[in-house]
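Subject: The model with its ligand

Hi,

Here is the structure I said I'd pass on. Have a look at it first, and then read on for my notes.

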Amino acid sequence: MISSGKVIKLFYDISSPYSWLAFEVLCRYKNVWNMELKLKPAHLAGVMYGSGNQHPGLNPRTLLYMTSDLTLLSQYFGVPMHRPENLSKTDSLIPMHFVTAVAGKDKDGGDLVEKVSRELWKRMWSTHQDIVQPASLTEVGIKAGFSATEVEDILILAKSQQIKDKLTSITNEALEYKCFGLPFIVVQVDGKAEVFFGSDKFELMAYFLGKTLKII
Ligand SMILES: N[C@@H](CCC(=O)N[C@@H](CS)C(=O)NCC(=O)O)C(=O)O
(Lines give C-alpha, C1' and ligand atoms only; values in the text may rest on other atoms or scores of the structure.)
Protein backbone atom coordinates (compact mmCIF):
# COMPACT_ATOMS: atom_id res chain seq x y z
CA MET A 1 0.00 0.00 0.00
CA ILE A 2 1.31 3.47 -0.89
CA SER A 3 1.13 5.62 2.23
CA SER A 4 -0.66 8.97 1.95
CA GLY A 5 1.00 10.11 5.19
CA LYS A 6 -2.42 10.22 6.81
CA VAL A 7 -3.18 7.69 9.52
CA ILE A 8 -6.29 7.02 11.58
CA LYS A 9 -5.88 4.93 14.73
CA LEU A 10 -9.14 3.49 16.03
CA PHE A 11 -9.02 2.31 19.66
CA TYR A 12 -12.01 0.07 20.29
CA ASP A 13 -13.51 -2.75 22.32
CA ILE A 14 -16.20 -5.07 21.00
CA SER A 15 -18.24 -4.48 24.18
CA SER A 16 -18.69 -0.88 22.96
CA PRO A 17 -21.57 -0.52 20.44
CA TYR A 18 -20.46 3.03 19.57
CA SER A 19 -17.07 1.55 18.67
CA TRP A 20 -18.84 -0.73 16.17
CA LEU A 21 -20.44 2.30 14.48
CA ALA A 22 -17.10 4.15 14.31
CA PHE A 23 -15.39 1.02 13.00
CA GLU A 24 -17.90 0.53 10.14
CA VAL A 25 -17.87 4.20 9.15
CA LEU A 26 -14.05 4.35 9.16
CA CYS A 27 -13.82 1.11 7.16
CA ARG A 28 -16.10 2.79 4.56
CA TYR A 29 -14.19 6.10 4.60
CA LYS A 30 -10.57 4.92 4.65
CA ASN A 31 -10.46 4.67 0.84
CA VAL A 32 -12.60 7.73 0.20
CA TRP A 33 -10.31 9.83 2.42
CA ASN A 34 -7.19 7.93 1.26
CA MET A 35 -6.02 7.19 4.80
CA GLU A 36 -4.38 4.22 6.44
CA LEU A 37 -6.68 2.79 9.12
CA LYS A 38 -4.86 1.18 12.05
CA LEU A 39 -7.18 -0.98 14.15
CA LYS A 40 -6.20 -0.84 17.82
CA PRO A 41 -8.05 -3.44 19.93
CA ALA A 42 -8.09 -2.11 23.52
CA HIS A 43 -9.94 -2.91 26.77
CA LEU A 44 -12.81 -0.59 27.75
CA ALA A 45 -12.65 -1.54 31.46
CA GLY A 46 -8.91 -0.71 31.42
CA VAL A 47 -9.64 2.67 29.82
CA MET A 48 -12.30 3.41 32.46
CA TYR A 49 -9.97 2.38 35.29
CA GLY A 50 -6.89 4.15 33.88
CA SER A 51 -8.74 7.42 33.21
CA GLY A 52 -10.80 7.41 36.42
CA ASN A 53 -14.01 7.44 34.34
CA GLN A 54 -17.19 5.40 34.93
CA HIS A 55 -18.97 3.29 32.36
CA PRO A 56 -21.97 5.38 31.17
CA GLY A 57 -24.21 2.28 31.34
CA LEU A 58 -24.00 2.49 35.16
CA ASN A 59 -26.30 5.51 35.11
CA PRO A 60 -29.92 4.33 34.46
CA ARG A 61 -30.85 7.51 32.55
CA THR A 62 -27.79 7.27 30.32
CA LEU A 63 -28.58 3.61 29.72
CA LEU A 64 -32.17 4.46 28.75
CA TYR A 65 -30.96 7.19 26.38
CA MET A 66 -28.32 4.88 24.87
CA THR A 67 -30.99 2.32 24.02
CA SER A 68 -33.03 4.74 21.88
CA ASP A 69 -29.92 6.51 20.57
CA LEU A 70 -28.43 3.22 19.36
CA THR A 71 -31.70 2.18 17.68
CA LEU A 72 -31.71 5.34 15.58
CA LEU A 73 -27.95 5.25 14.91
CA SER A 74 -28.20 1.63 13.84
CA GLN A 75 -30.77 2.61 11.17
CA TYR A 76 -28.85 5.74 10.14
CA PHE A 77 -25.49 3.96 9.67
CA GLY A 78 -26.98 0.65 8.44
CA VAL A 79 -25.34 -1.36 11.24
CA PRO A 80 -27.74 -3.99 12.64
CA MET A 81 -27.50 -3.66 16.42
CA HIS A 82 -29.72 -3.75 19.49
CA ARG A 83 -28.83 -3.96 23.15
CA PRO A 84 -28.62 -7.45 24.74
CA GLU A 85 -30.73 -8.01 27.91
CA ASN A 86 -27.87 -9.14 30.16
CA LEU A 87 -25.29 -6.55 29.14
CA SER A 88 -23.70 -6.24 32.59
CA LYS A 89 -22.74 -9.92 32.64
CA THR A 90 -20.45 -9.66 29.62
CA ASP A 91 -16.76 -8.95 30.12
CA SER A 92 -14.83 -8.37 26.96
CA LEU A 93 -11.38 -9.40 28.22
CA ILE A 94 -11.44 -12.91 26.68
CA PRO A 95 -12.69 -11.81 23.22
CA MET A 96 -10.31 -8.83 23.21
CA HIS A 97 -7.38 -11.17 23.96
CA PHE A 98 -8.60 -13.23 21.00
CA VAL A 99 -8.68 -10.16 18.70
CA THR A 100 -5.20 -9.16 19.94
CA ALA A 101 -3.88 -12.64 19.14
CA VAL A 102 -5.41 -12.40 15.64
CA ALA A 103 -3.67 -9.02 15.18
CA GLY A 104 -0.34 -10.74 15.86
CA LYS A 105 -1.05 -13.26 13.07
CA ASP A 106 -2.57 -10.83 10.57
CA LYS A 107 -0.24 -10.50 7.60
CA ASP A 108 -3.09 -9.08 5.54
CA GLY A 109 -2.93 -5.41 6.57
CA GLY A 110 -5.56 -5.75 9.30
CA ASP A 111 -8.09 -7.58 7.13
CA LEU A 112 -8.47 -10.53 9.51
CA VAL A 113 -8.67 -8.29 12.59
CA GLU A 114 -11.42 -6.39 10.79
CA LYS A 115 -13.37 -9.58 10.02
CA VAL A 116 -12.92 -11.11 13.51
CA SER A 117 -13.93 -7.85 15.24
CA ARG A 118 -17.03 -7.52 13.07
CA GLU A 119 -18.08 -11.13 13.80
CA LEU A 120 -17.69 -10.52 17.55
CA TRP A 121 -19.75 -7.32 17.41
CA LYS A 122 -22.44 -9.16 15.44
CA ARG A 123 -22.59 -11.89 18.09
CA MET A 124 -22.72 -9.48 21.02
CA TRP A 125 -24.90 -6.71 19.57
CA SER A 126 -26.96 -8.37 16.82
CA THR A 127 -27.56 -12.07 17.36
CA HIS A 128 -26.81 -12.01 21.12
CA GLN A 129 -24.61 -15.10 21.11
CA ASP A 130 -21.83 -16.07 23.49
CA ILE A 131 -18.42 -14.41 22.89
CA VAL A 132 -16.24 -16.01 25.57
CA GLN A 133 -16.39 -19.80 25.15
CA PRO A 134 -13.67 -21.44 22.99
CA ALA A 135 -16.34 -22.97 20.72
CA SER A 136 -17.83 -19.51 20.08
CA LEU A 137 -14.42 -17.99 19.33
CA THR A 138 -13.64 -20.93 17.04
CA GLU A 139 -16.82 -20.15 15.07
CA VAL A 140 -15.77 -16.50 14.86
CA GLY A 141 -12.26 -17.40 13.64
CA ILE A 142 -13.54 -19.81 11.00
CA LYS A 143 -16.12 -17.29 9.72
CA ALA A 144 -13.26 -14.76 9.39
CA GLY A 145 -11.32 -17.19 7.18
CA PHE A 146 -8.94 -19.08 9.50
CA SER A 147 -8.65 -22.88 9.35
CA ALA A 148 -9.64 -24.94 12.41
CA THR A 149 -5.95 -25.60 13.18
CA GLU A 150 -5.08 -21.91 12.91
CA VAL A 151 -7.91 -21.04 15.32
CA GLU A 152 -6.61 -23.63 17.81
CA ASP A 153 -3.21 -21.87 17.73
CA ILE A 154 -4.85 -18.47 18.15
CA LEU A 155 -6.86 -19.71 21.17
CA ILE A 156 -3.62 -20.88 22.83
CA LEU A 157 -1.83 -17.65 21.94
CA ALA A 158 -4.76 -15.59 23.29
CA LYS A 159 -4.12 -17.01 26.78
CA SER A 160 -0.39 -16.18 26.74
CA GLN A 161 1.23 -13.46 28.84
CA GLN A 162 2.58 -11.89 25.63
CA ILE A 163 -0.97 -11.24 24.37
CA LYS A 164 -2.25 -10.06 27.76
CA ASP A 165 0.67 -7.58 27.87
CA LYS A 166 -0.04 -6.48 24.28
CA LEU A 167 -3.70 -5.63 25.08
CA THR A 168 -2.54 -3.72 28.17
CA SER A 169 0.05 -1.83 26.14
CA ILE A 170 -2.49 -0.79 23.45
CA THR A 171 -4.91 0.31 26.20
CA ASN A 172 -2.04 2.31 27.76
CA GLU A 173 -1.23 3.82 24.35
CA ALA A 174 -4.83 5.13 24.23
CA LEU A 175 -4.51 6.44 27.81
CA GLU A 176 -1.32 8.30 26.82
CA TYR A 177 -3.47 10.24 24.32
CA LYS A 178 -5.69 11.11 27.35
CA CYS A 179 -8.41 8.68 26.30
CA PHE A 180 -11.38 8.36 28.71
CA GLY A 181 -13.80 6.23 26.67
CA LEU A 182 -14.27 4.31 23.42
CA PRO A 183 -14.31 4.60 20.48
CA PHE A 184 -11.24 6.83 20.60
CA ILE A 185 -9.84 7.99 17.29
CA VAL A 186 -6.44 9.56 16.66
CA VAL A 187 -6.01 11.24 13.28
CA GLN A 188 -2.41 11.94 12.25
CA VAL A 189 -1.69 14.21 9.30
CA ASP A 190 1.82 15.44 8.47
CA GLY A 191 3.05 14.96 12.01
CA LYS A 192 0.01 16.67 13.54
CA ALA A 193 -2.36 14.55 15.64
CA GLU A 194 -5.92 15.33 16.68
CA VAL A 195 -8.03 13.09 18.93
CA PHE A 196 -11.77 12.42 18.69
CA PHE A 197 -14.02 10.62 21.19
CA GLY A 198 -17.13 8.87 19.89
CA SER A 199 -18.81 7.81 16.68
CA ASP A 200 -20.47 11.22 16.32
CA LYS A 201 -17.40 13.24 15.39
CA PHE A 202 -17.11 12.50 11.68
CA GLU A 203 -18.17 15.98 10.58
CA LEU A 204 -15.44 17.51 12.74
CA MET A 205 -12.94 14.90 11.55
CA ALA A 206 -13.76 15.76 7.91
CA TYR A 207 -13.24 19.46 8.74
CA PHE A 208 -9.84 18.67 10.31
CA LEU A 209 -8.88 16.65 7.24
CA GLY A 210 -10.23 19.19 4.75
CA LYS A 211 -12.52 16.48 3.33
CA THR A 212 -16.23 16.29 2.62
CA LEU A 213 -18.61 13.98 4.42
CA LYS A 214 -21.51 12.20 2.77
CA ILE A 215 -23.42 9.12 3.84
CA ILE A 216 -21.88 6.05 2.19
N1 LIG B 1 -21.45 10.19 21.98
C2 LIG B 1 -20.59 9.05 21.79
C3 LIG B 1 -20.79 8.10 22.97
C4 LIG B 1 -19.76 6.99 23.03
C5 LIG B 1 -19.88 6.22 24.33
O6 LIG B 1 -20.82 6.44 25.11
N7 LIG B 1 -18.91 5.33 24.57
C8 LIG B 1 -18.87 4.62 25.82
C9 LIG B 1 -18.48 3.17 25.61
S10 LIG B 1 -19.74 2.36 24.62
C11 LIG B 1 -17.82 5.31 26.68
O12 LIG B 1 -16.68 4.91 26.70
N13 LIG B 1 -18.25 6.36 27.37
C14 LIG B 1 -17.40 7.13 28.23
C15 LIG B 1 -18.03 8.46 28.52
O16 LIG B 1 -19.11 8.76 27.98
O17 LIG B 1 -17.45 9.21 29.31
C18 LIG B 1 -20.94 8.37 20.46
O19 LIG B 1 -21.97 8.71 19.87
O20 LIG B 1 -20.18 7.54 19.98
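Predicted model: local features only at pLDDT ≥ 70, side-chain atom pairs only at ≥ 80, totals over all residues.

**The ligand**

The shell around the ligand is made of 14 residues, and the closest are Asn53, Gly181, Leu182, Ser199 and Asp200. Sorted by type, that shell holds eight nonpolar residues, five polar ones and one charged one. Two helices, α1 (17–32) and α2 (44–51), each give at least two residues to it.

Leucine 182 has a polar backbone atom 2.8 Å from a nitrogen of the ligand. Serine 199 uses its backbone too, with a polar atom there 2.6 Å from a ligand oxygen. With aspartate 200 the side chain is involved: one of its N or O atoms is 2.9 Å from a ligand nitrogen. As for cover, the ligand on its own has 500 Å² of accessible area, and the protein covers 83% of that.

**The pocket**

So where does the ligand sit? It is in the largest pocket. That pocket holds about 880 Å³ of space, and 39 residues line it. If you want to find its centre on screen, go to Leu44, His55, Pro56, Gly57 and Met66, which lie nearest to it. The elements that give two or more residues to the lining are α1, α2, α3 (60–77) and α5 (111–125). Which of them gives the largest share? That is α3, with six residues. By type, the lining divides into 18 nonpolar, 14 polar and seven charged residues.

**Two backbone spots**

Most residues other than glycine have a negative phi, and most peptide bonds are trans. Here are two places that go the other way.

The peptide bond from leucine 182 to proline 183 is cis, with omega near 0°. Proline 183 is in the loop between α8 (161–176) and β3 (184–189).

Histidine 128 is not a glycine, yet it has a positive phi of about 55°. You'll find histidine 128 in the loop between α5 and α6 (134–144).

Cheers

Note on methods
Residues numbered from 1 in each chain as written. Heavy atoms only, no water. Near = heavy atom within 4 Å. Polar contact = N/O pair within 3.5 Å; in protein donor to acceptor, adjacent residues only side chain to side chain. Areas by Shrake-Rupley, 256 points an atom, 1.4 Å probe, with all protein chains shown as cover. 1 Å grid on protein atoms, 1.4 Å probe; cavity = no way out; pocket = protein on both sides within 12 Å on 5 of 7 lines; lining within 4 Å. Sits in = over half its atoms within 2 Å of the grid points. Helix = DSSP H or I, 4+ residues; strand = E, 2+ residues; numbered from the N terminus. Nonpolar A, V, L, I, M, F, W, Y, C, P; charged D, E, K, R; others polar. Points joined across faces, edges and corners; volume = space filled by probe spheres on them.
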